[in-house]
Amino acid sequence: MPRLVWDNIGERLYETGIDRGVLYPQDATGNYPQGVVWNGLSSVSESPSGAEANAIYADNIKYLELRSAEEFGATVEAYTYPDEFAVCDGSAEVATGVNIGQQPRKRFGLSYRTIVGNDVENDSYGYKLHLIYNAMASPSERQYQTVNDSPEAISFSWEMTTTPVAVGGTYKPTAAMTIDSTKADATKLAALEDILYGTENADARLPLPSEVIELMGGDATFDIHLNRANVSVQAGRTTTVKATTTPAGKAVTWASSDDTKATVANGVITGVAAGNATITASFTEDSVTYSDECKVTVTAAD
């Protein structure tokens with residue numbers, strides 16, 4: 001085994017800066033179909049919380065430790081904001097150029113980029129894309145003051161909370177994703193940026209985590225799960241199992257290991273004769289088959 005070496009040339013990394021902010025208002029279906037440029041974005045302070053330890057004691061010892069649910073929040077600062085953010089900030093335009101506050105707030109997504117540098121290429125080494133989902137902005141203080149001999153531009157600030165969205169596979173829901181250009185496939189990353197920033201033929205939009213994982217080649221994108229692992233049914237009767245796919249809506253193929261004992265069609269299992277069989281639900285994506293099974297015990301008819 002090689003001996004550990006610190007601070008090798010090219011391995012002295014740092015992260016700095018923020019640019020390419022994009023706002024994605026959420027629609028009624030929970031998607032983010034239209035992105036708009038957020039000019040003047042000066043700071044995003046990510047502030048995850050939760051995951052606090054709760055010690056459990058038993059047998060006169062610290063028996064185990066439970067962790068509270070983790071949350072993701074942030075503070076966004078900017079010198080200006082896009083008009084589309086007004087509804088996210090609780091404003092409504094009642095006439096051209098006339099806005100009122102204290103209105104219902106709309107959820108939104110956000111993307112921005114930070115620079116990854118090193119000791120060789122400096123700020124040109126790479127960058128990270130930050131994707132935020134299902135966010136809600138809280139009202140914050142705004143200070144207006146007279147122009148003086150040391151004028152400063154007004155900086156707006158919002159506290160942002162989030163609600164996690166589904167990822168797929170065995171992963172828990174999340175409200176934040178990060179893509180590192182120094183590690184991700186360059187071609188796939190370029191395709192993702194075409195989605196995030198738009199092209200001549202397509203509007204900018206924020207893809208959901210499952211789509212990002214699928215595009216970037218993650219293993220957790222595709223999955224299938226049956227709601228029952230074991231069932232019992234009498235010969236001549238039926239019972240039903242349900243298949244859930246990730247992404248949702250995949251066409252599922254059903255099969256029985258022994259049609260003389262049990263048959264299956266669209267999740268409806270029919271007992272044929274006393275014995276055992278295995279029901280398999282599956283779908284294929286990119287020549288890879290994803291499947292789950294349910295063990296069936298068929299009992300004799302009354």
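**Loops, sheets and a helix pair**

Trainee: Where does Asn 266 lie?
Mentor: Asn 266 lies in the loop between strand 20 (262–265) and strand 21 (268–271); strands here are DSSP runs of E with at least two residues, while helices are runs of H or I with at least four, and both are numbered from the N terminus. This is a predicted model, in which local features need pLDDT of at least 70 and side-chain atom pairs count only at pLDDT 80 or more, whereas totals for chains, interfaces and linings use all residues. Residues are numbered from 1 along each chain as its sequence is written, and side-chain values use heavy atoms, with hydrogens and water left out.

Trainee: OK, and is Asn 266 buried or exposed?
Mentor: Asn 266 counts as exposed, because its relative accessibility is 68%; buried means under 20% relative accessible area, exposed means over 50%, and partly exposed is in between, using a 1.4 Å probe and protein chains only. Its phi is near 55 degrees, a positive value in a residue other than glycine.

Trainee: What about phi of Arg 20?
Mentor: Phi of Arg 20 is also near 55 degrees, positive although the residue is not glycine, but Arg 20 is found in strand 1 (residues 14–25). With a relative accessible area of 44%, Arg 20 is partly exposed.

Trainee: Which open sheet has mixed pairing?
Mentor: That is the sheet of four strands in the order 16-23-22-19, whose edge strands are strand 16 (230–234) and strand 19. Strand 16 runs parallel to strand 23 (residues 288–299) and is joined to it by five bridges, whereas strand 19 runs antiparallel to strand 22 (residues 275–285), with four bridges between them.

Trainee: New topic: how do the axes of helix 1 and helix 2 cross?
Mentor: The axes of helix 1 (residues 186–197) and helix 2 (residues 209–216) come within 9 Å and cross at roughly 150 degrees, where axes are lines fitted to C-alpha atoms over the stretch in contact and angles run from 0 to 180 degrees between N-to-C directions. Helix 1 is therefore roughly antiparallel to helix 2, given that angles under 35 degrees count as roughly parallel, over 145 as roughly antiparallel, 65 to 115 as roughly perpendicular and the rest as oblique.

Trainee: Which residues in helix 1 meet helix 2?
Mentor: Lys 188, Leu 189, Ala 191, Leu 192 and Ile 195 meet Glu 211, Val 212, Leu 215 and Met 216 of helix 2, where contact means heavy atoms within 4.5 Å.

Trainee: Last one: how many disulfides does a search find?
Mentor: A search of the whole structure finds zero, a disulfide being a pair of cysteine sulfur atoms within 2.5 Å. Cys 88 counts as buried at 0% relative accessibility, and Cys 294 is buried with a relative accessible area of 0%.

Note on methods
Pairing = 2+ DSSP bridges.
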